[in-house]
Amino acid sequence: MAAQVTKQTLIGEMLQMDMGIAAILMAAGMHCVGCPSSAMESLEEACMVHGMNADEVLTQINEYLANK
């Protein structure tokens, strides 16, 4: 079974799970994934700060993980 991410998953946890997620976040407009403070933000918090739809980003990440 593929790993799954929720809106509560921390950015740092996602990147430890799979560094390919960084490309998805950056393509969506979240260019701060390398910032140390972003590692402790949840996906939902990071999306809120960047004015992004967390549900859309979450779907993209989970589709990526499921299709690996």
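**Figure 1. Contact of helices α2 and α4.** In the predicted model, residues G20, I21, I24 and L25 of α2 meet V57, Q60, I61, Y64 and L65 of α4, where contact means heavy atoms within 4.5 Å. By class, this contact of α2 with α4 holds seven nonpolar, two polar and no charged residues. In this classification Ala, Val, Leu, Ile, Met, Phe, Trp, Tyr, Cys and Pro count as nonpolar, Asp, Glu, Lys and Arg as charged, and the others, Gly among them, as polar. Residues are numbered from 1 along each chain as its sequence is written, side-chain values use heavy atoms, and hydrogens and water are left out. Local features need pLDDT of at least 70 and side-chain atom pairs count only at pLDDT 80 or more, whereas totals for chains, interfaces and linings use all residues.

**Figure 2. Packing geometry of α2 and α4.** Helix α2 spans residues 20–27 and helix α4 residues 54–66; they pack at an angle of about 150°, with their axes 10 Å apart. The angle makes α2 roughly antiparallel to α4. Angles under 35 degrees count as roughly parallel, over 145 as roughly antiparallel, 65 to 115 as roughly perpendicular and the rest as oblique. Axes are lines fitted to C-alpha atoms, for helices over the stretch in contact, and angles run from 0 to 180 degrees between N-to-C directions. The crossing of α2 past α4 is right-handed; a crossing has this hand if the near helix is turned clockwise from the far one by less than a right angle, and is left-handed if anticlockwise.

Figure 3. Y64 is found in helix α4 and, at 28% relative accessibility, counts as partly exposed. Buried means under 20% relative accessible area, exposed over 50%, and partly exposed in between (1.4 Å probe, protein chains only). Not counting residues up to four places away in sequence, Y64 touches D18, G20, I21 and I24. The C-alpha atoms of Y64 and I21 are separated by 8.0 Å, although these residues are 43 apart along the chain. G20 is found in helix α2 and is partly exposed, with a relative accessible area of 23%. Between the C-alpha atoms of G20 and C47, 27 residues apart along the chain, the separation is 18 Å.

Figure 4. M14 lies in helix α1, residues 11–17. At 0% relative accessibility, M14 counts as buried. When neighbours within four places in sequence are left aside, M14 is in contact with V5, T9, I21, L43 and I61. M14 and I61 are 47 residues apart in sequence and 9.3 Å apart in space, C-alpha to C-alpha. I21 and I61 also belong to the contact of α2 with α4.

Figure 5. N62 lies in helix α4 and is buried, with a relative accessible area of 14%. Its contacts, leaving aside neighbours within four places in sequence, are A3, Q4 and V5. E45 is found in helix α3, residues 43–49, and is partly exposed at a relative accessible area of 40%. The C-alpha atoms of E45 and E56, eleven residues apart along the chain, are separated by 14 Å.

**Figure 6. The chain as context for the close-up views.** The chain has four helices and zero strands, and its elements run α-α-α-α from the N terminus on. Helices (H or I, at least four residues) and strands (E, at least two) are DSSP runs, numbered from the N terminus. The C-alpha atoms fill a box of roughly 30 × 20 × 20 Å, taken along the principal axes. A compact globule of 68 residues would have a radius of gyration near 11 Å, and the chain agrees with 11 Å; the radius is taken over C-alpha atoms, and the globule rule is 2.2 Å times the number of residues to the power 0.38. Of the 68 residues, 37% count as buried. Among contacts with a separation of 6 or more, residues 24 or more positions apart account for 63%.
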